[in-house]
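Hi everyone, thanks for coming. Let me put today's model on the screen, and then I'll talk you through it.

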Amino acid sequence: MTFQRIVVALLVLIVAGLGAVGYFEWKMAVQVRTLKAFVEGYVFNDAVMACEQAKSSTPFKWNGGKSTSVIGLNSVKLDKYNVVASYTLVADGVYCDYDPIKRKAEIGSSFLERE
């Protein structure tokens with residue numbers, strides 16, 4: 001009888017622990033999404049200005065564009081210590097990658113081939 005009570009108690013503790021872990025994971029995911037949305041909103045105006053002023057053979061026109069979309073904030077971990085961030089915009093088929101750290105825009109560049 002004692003063994004059965006111990007097994008039931010352990011099962012209840014495991015279920016409660018898994019529930020708590022699931023709750024905290026959900027809570028953190030909500031906070032990360034909120035933080036990402038805030039950062040994207042903060043970077044958006046700078047990205048549009050930098051992309052429109054970037055020198056390129058194909059001009060980037062966000063304000064006069066017929067088809068514009070935001071791909072959003074992306075990141076690539078180059079190695080153990082370096083993470084490169086990019087905010088990508090598309091206007092009339094022209095891609096623009098904006099680096100929020102360096103505050104530099106590159107038109108038609110591939111984010112993965114950036115230095």
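I'll start with a helix and then turn to a disulfide.

A word on the source: this is a predicted model, so local features need pLDDT of at least 70 and side-chain atom pairs count only at pLDDT 80 or more, while totals for chains, interfaces and linings use all residues. Residues are numbered from 1 along each chain as its sequence is written, and side-chain values use heavy atoms, with hydrogens and water left out.

Let's take helix α1, residues 2-53. Helices here are DSSP runs of H or I with at least four residues, strands are runs of E with at least two, and both are numbered from the N terminus.

Which residues of α1 are buried? They are Glu40, Val43, Ala47, Val48, Ala50 and Cys51, where buried means under 20% relative accessible area with a 1.4 Å probe, protein chains only. These residues pack against β1 (68-77), β2 (83-91), β3 (94-99) and β4 (104-107), with contact meaning heavy atoms within 4.5 Å.

Now the disulfide, a pair of cysteine sulfur atoms within 2.5 Å. The structure holds 1, joining cysteine 51 to cysteine 96 with S to S 1.9 Å. The pair links distant parts of the chain, helix α1 and strand β3, 45 residues apart. Cysteine 51 is buried at 0%, and cysteine 96 is buried at 0% too.

Technical notes: Expected span 1.5 Å × (residues − 1). Buried < 20%, exposed > 50% of the residue type's maximum accessible area, 1.4 Å probe, protein only.
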